[in-house]
Amino acid sequence: MMLSARADYYRAYENYVALLVAEFGSYKVVNGQFIFPLQRTVDRYNVAAHAMAIAAKRVNELEDQKKQTPPQQVGWEQFVDGK
């Protein structure tokens with residue numbers, strides 16, 4: 001699951017960067033925000049940024065889930081010891 005989630009994240013990141021590279025020179029950065037001259041480009045940017053945020057959220061959820069799950073060895077020991 002984690003491998004798939006990371007692949008989705010990197011795919012979304014690739015699309016995000018590709019958009020910025022394709023539009024290089026046509027946008028400005030003001031106070032840390034991209035300013036695009038065309039609404040169509042704004043819409044494409046928002047879609048790419050949203051996809052990247054969703055994918056990052058999924059990776060973080062899986063990492064948190066992994067931290068909360070006891071290691072398999074501990075679980076096995078508890079099973080064997082009857083705890």
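# Exercises on a predicted model

Ala12, Tyr16, Leu19, Leu20, Tyr27, Phe36, Tyr45, Ala48 and Met52, 9 residues in all, form the largest nonpolar core. A nonpolar core is a set of buried Ala, Val, Leu, Ile, Met, Phe, Trp, Tyr and Cys residues joined through side-chain atoms within 4.5 Å. Buried means under 20% relative accessible area, exposed over 50%, and partly exposed in between (1.4 Å probe, protein chains only).

The model is predicted: local features need pLDDT of at least 70, side-chain atom pairs count only at pLDDT 80 or more, and totals for chains, interfaces and linings use all residues. Residues are numbered from 1 along each chain as its sequence is written, and side-chain values use heavy atoms, with hydrogens and water left out.

**Exercise 1.** Describe the order of the helices and strands along the sequence.

*Solution.* 
Step 1. The protein has 3 helices and 2 strands.
Step 2. Along the sequence they follow the pattern α-β-β-α-α.

**Exercise 2.** Compare the span of H2 with the expected one, then find what its buried residues pack against.

*Solution.* 
Step 1. The expected span of a helix is 1.5 Å times one less than its number of residues.
Step 2. H2 has 30 residues, and the expected span is 44 Å.
Step 3. From first C-alpha to last, H2 reaches 43 Å, close to that value.
Step 4. The buried residues in H2 are Thr41, Tyr45, Ala48, Met52, Ala55, Val59 and Leu62.
Step 5. These buried residues pack against H1 and strand E2 (33-35).

**Exercise 3.** List the contacts of Met52 and Val59, leaving out residues up to four places away in sequence.

*Solution.* 
Step 1. Contact means heavy atoms within 4.5 Å.
Step 2. Met52 touches Tyr9, Ala12, Tyr13 and Tyr16.
Step 3. Val59 touches Met2, Ala5, Arg6 and Tyr9.
Step 4. Val59 counts as buried because its relative accessible area is 10%.
Step 5. The C-alpha atoms of Val59 and Met1 are 9.3 Å apart, although 58 residues separate them along the chain.

**Exercise 4.** Decide whether Thr41 and Glu23 are buried or exposed, and give their contacts beyond four places in sequence.

*Solution.* 
Step 1. Thr41 lies in helix H2, and Glu23 lies in the loop between H1 and strand E1 (28-30).
Step 2. Thr41 has a relative accessible area of 1%, so Thr41 is buried.
Step 3. Glu23 has a relative accessible area of 15%, so Glu23 is buried.
Step 4. Thr41 is in contact with Glu23 and Phe36.
Step 5. Glu23 is in contact with Phe36, Thr41 and Arg44.

**Exercise 5.** Classify Tyr10 as buried or exposed.

*Solution.* 
Step 1. Tyr10 is found in helix H1.
Step 2. Its relative accessibility is 51%, so Tyr10 counts as exposed.

Key: Helix = DSSP H or I, 4+ residues; strand = E, 2+ residues; numbered from the N terminus.
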